[in-house]
Amino acid sequence: MILSTTPSIEGHIITKYHGVVTGEAIIGANLFKDIFASITDLVGGRSGTYERVLREAKDGALKELQYNAQSLGANAVVGIDLDYETIGHNASMLMVTASGTAVTYEK
């Protein structure tokens, strides 16, 4: 399945629009991740721990988006938008939402 942030798929013709599909993922940041991120913040550099959490949440949201599109009979999703938010007590949870239009395309 093609997942694209663009409104069309170059070289292909969209033959059917199935509607908007979404996928969500919520992941908690635990105490150890916060401690290691604080150390990284003090000494500088990238936080590999948080980057992995962000990647995991994004991948989960896109997998759910793809599953929902396939259940409608689509073979692609176009116009994908990803949104990131913190939620929960003390912003302890990361939520990633993916939305797009499920379509059927032909070459």
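User: With which residues is valine 77 in contact, leaving aside its neighbours within four places in sequence?

Analyst: In this predicted model, contact means heavy atoms within 4.5 Å. Once neighbours within four places in sequence are left aside, the partners of valine 77 are Met1, Ile2, Leu3, Ser4, Val21, Leu65, Ala69, Gly100, Thr101 and Ala102.

User: Which element gives the most residues to the largest nonpolar core?

Analyst: The largest nonpolar core has 16 residues, and Val21, Ala57, Leu65, Ala69 and Val77 touch the most other members. Two or more residues come from each of S2, helix H2 (48-71), strand S3 (76-87) and S4. With six residues, the element that gives the most is H2.

User: How many residues does the other core have?

Analyst: Another core lies apart from the largest one. Among its members are Ile9, Ile14, Val78 and Val103, and its size is six residues.

User: In what order do the strands of the open sheet lie?

Analyst: The open sheet has four strands with mixed pairing. Strand S1 (2-3) and strand S2 (13-28) are the edge strands, each pairing on one side only. The order is S1-S3-S4-S2.

User: Which residue in S4 stands opposite isoleucine 27?

Analyst: S2 pairs with strand S4 (residues 93-106) in the antiparallel sense, over 14 bridges. Opposite isoleucine 27 stands leucine 94.

User: What percentage of the residues in the protein chain is buried?

Analyst: Buried means under 20% relative accessible area. The protein chain has 107 residues, and the buried share is 28%.

Technical notes. Residues are numbered from 1 along each chain as its sequence is written. This is a predicted model: local features need pLDDT of at least 70, side-chain atom pairs count only at pLDDT 80 or more; totals for chains, interfaces and linings use all residues. Side-chain values use heavy atoms; hydrogens and water are left out. Two strands pair if DSSP finds at least two bridges between them. A nonpolar core is a set of buried Ala, Val, Leu, Ile, Met, Phe, Trp, Tyr and Cys residues joined through side-chain atoms within 4.5 Å. Buried means under 20% relative accessible area, exposed over 50%, partly exposed in between (1.4 Å probe, protein chains only).
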